[in-house]
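Dear colleague,

I am handing over the structure below, and after it you will find my notes on what was found. Please read them with the model open beside you.

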Amino acid sequence: MHSMMKVLLSTCAVCAIAQAPAFAQPSPPLSPPGTIPPGPTTNPASPAGTNPTDPSNRTYLPDPGAPTTDPGLVPDATSPTAVPPIDNPTTTAVDPTTSSGALVNTDPSLGDGDSLSYAWTERRLASGIGISTLVGGGVVGFTDKTMRNTTSSAGGLWDLRVTLGSHLPIALDISYVGSATNINGLPSARKGTLVGTTAEAALRYNILPHYAFTPYVFGGAGWQRYDVTQTNVSLSDSGMNDKDNLLEFPMGVGFAYRTGGLVADIRGTFRATTDQNLVLKTPTLSPTSDDFAPMHTWEASAAIGYEF
């Protein structure tokens, strides 16, 4: 019995010595639960017989615990490729006419950036449309030969004009116009002054309503009165009445410059008249309206004022 125990112990000792190198090898580290430890695998694209230990023939499985980037997420604002939020949906473009590359508003509904637009608003002005008041002066004269023979070739003119919608395609001009012309063709070399008073309204078409420079055309209607002053006249002794009231229809062209609220304006006007009864074309015992000289006038004037 004792001899048998020695044999068994000797056998166990031999087996333990034989298995010692296997237990001496280190075991691989444990991976976190739910992950697949990376390891070399044979590259399927490698030709048959390639050494699998070559790093170029290995592929690595992704680590399930590594962070991922959601392609649907917006980049961080600090990233160079981040797109800044859009606060104003108004479309803008770079003005190719400026070296500074200034942004120009291309929304025609705003009217203050696109100068070629015909928008019905102007955000740069407090009124939103342009309301201006101008005072000015110029020269005026009659187009008919009989009137030019009775009065001087040209007289003085002054006016006050209010424009509603100076930055709109269509504006309204309301004007007071005064004039004074010398009377020369009276009997006994008498002299006097023909004073005209006009109140009129006209529609005005602004060709470039949102430009600093804008040409325009206009036409309207009004009332006009003439009074002979500084002398006494009668139809029987001088062929001229001392006053006259008539309808007039102004039409013409103008050119305005606007900057910083300041407005400068020049214009030429033709005023057609009806129902004139002031100066006889030829002496007659029973004159009618057809016997009186036409009182159409021309005007060249300039004005300055302010708009808001």
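The largest pocket has a lining of 16 residues, and Ser238, Gly239, Met240, Leu280 and Pro283 are the ones nearest its centre. (A pocket, on a 1 Å grid over the protein atoms alone, is an open set of points where a 1.4 Å probe fits, with protein on both sides within 12 Å along at least five of seven lines, and lining residues have an atom within 4 Å of a point.) Helix H3 (235-238) and helix H2 (145-150) each supply at least two residues of this lining, with H3 giving the most, namely three; helices here are DSSP runs of H or I of at least four residues, and strands are runs of E of at least two.

Please bear in mind that this is a predicted model, in which local features need pLDDT of at least 70 and side-chain atom pairs count only at pLDDT 80 or more, while totals for chains, interfaces and linings use all residues. Residues are numbered from 1 along each chain as its sequence is written, and side-chain values use heavy atoms, without hydrogens or water.

The structure also holds eleven salt bridges, each being a side-chain nitrogen of Lys or Arg within 4 Å of a carboxyl oxygen of Asp or Glu. In one of them Asp265 meets Arg161 at 2.9 Å, N to O; because Asp265 lies in strand E11 (residues 262-274) and Arg161 in strand E6 (residues 155-164), the pair ties together parts that are 104 residues apart in sequence. Asp265 is buried, at 4% relative accessible area, and Arg161 is buried at 2%, where buried means under 20% with a 1.4 Å probe and protein chains only.

Best regards

Definitions and conventions: Buried means under 20% relative accessible area, exposed over 50%, partly exposed in between (1.4 Å probe, protein chains only).
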